[in-house]
Every structure is written in C-alpha cells, then in structure tokens.
Amino acid sequence: LMEKNLRHNLQKQGVEAITSIGNTFNSDFHEAIAGVPVVDVSIKGTVVDEVETGYLYQGKVIRYSKVIIEE
C-alpha cells in the first residue's frame, strides 16, 4: 500500500518509469551492461532484459535504465 501511494504521488509530480524491454537500445535512456549474441541480424540492438528501471522527471532522465541487449 505504501509503495502504491509513493508511486502514485511521484507520478502526479511528473516522475515516470522508462519502458525498455522489446524496444531498440537508445543511449539517451539506456545503459547497456551486457550483451547476448544473436543469430538474426534484424533484431540486433533490441533490449532483452531490464536489470534496473530508469526514470524520467518531466521528460528528463534522472536515472538510466540498466539493460541487457542483443548484439
């Protein structure tokens, strides 16, 4: 309940989580901490897993998402 209230109040103030999994790697929002080899070149650079969630405050990054990408 406390976590839900905290997230709700932060969201009202303009803090939002960065969605990463399945999106293309973007160095403006993500920090790649590992890479997984991939056979299909068309999905190269796609985010596979998110280790730490990143956050935006009024559209500006306050913490980058730490992600694992396909390379």
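The legends below describe close-up views of a predicted model.

Residues are numbered from 1 along each chain as its sequence is written. In this predicted model, local features need pLDDT of at least 70 and side-chain atom pairs count only at pLDDT 80 or more, while totals for chains, interfaces and linings use all residues; side-chain values use heavy atoms, with hydrogens and water left out.

**View 1. Helix α1 covers residues 2–13.** Helices (H or I, at least four residues) and strands (E, at least two) are DSSP runs, numbered from the N terminus. The end C-alpha atoms of α1 are 17 Å apart, which agrees with the 16 Å that its 12 residues should span at 1.5 Å a residue; the expected span is 1.5 Å times one less than the number of residues. The helix is hardly covered, with a count of 0 buried residues among its 12. Buried means under 20% relative accessible area, exposed over 50%, and partly exposed in between (1.4 Å probe, protein chains only). Just after α1, G14 takes a positive phi of about 110°.

**View 2. An open sheet of 3 strands has the order β1-β4-β5, with antiparallel pairing.** The edge strands, each pairing on one side only, are β1 (15–17) and β5. Neighbouring strands are turned by 35° against each other on average, direction ignored. Axes are lines fitted to C-alpha atoms, for helices over the stretch in contact, and angles run from 0 to 180 degrees between N-to-C directions. Two strands pair if DSSP finds at least two bridges between them. β1 and β4 run antiparallel and are joined by 3 bridges; A17 stands opposite Y55 in β4.

**View 3. Strands β4 and β5 form a hairpin with 2 residues between the strands.** β4 (residues 55–57) pairs with β5 (residues 60–63) in the antiparallel sense over 3 bridges. Y57 stands opposite K60 in β5. Within this hairpin, Q58 takes a positive phi near 55°.

**View 4. The largest pocket has a volume of about 180 Å³.** On a 1 Å grid over the protein atoms alone, a pocket is an open set of points where a 1.4 Å probe fits, with protein on both sides within 12 Å along at least five of seven lines; lining residues have an atom within 4 Å of a point. Grid points are joined across faces, edges and corners, and the volume is the space filled by probe spheres set on the points. The lining includes E3, L6, R7, V15, A17 and Y55. α1 gives the largest share of this lining, 5 residues; α1 and β1 are the elements that give two or more residues.
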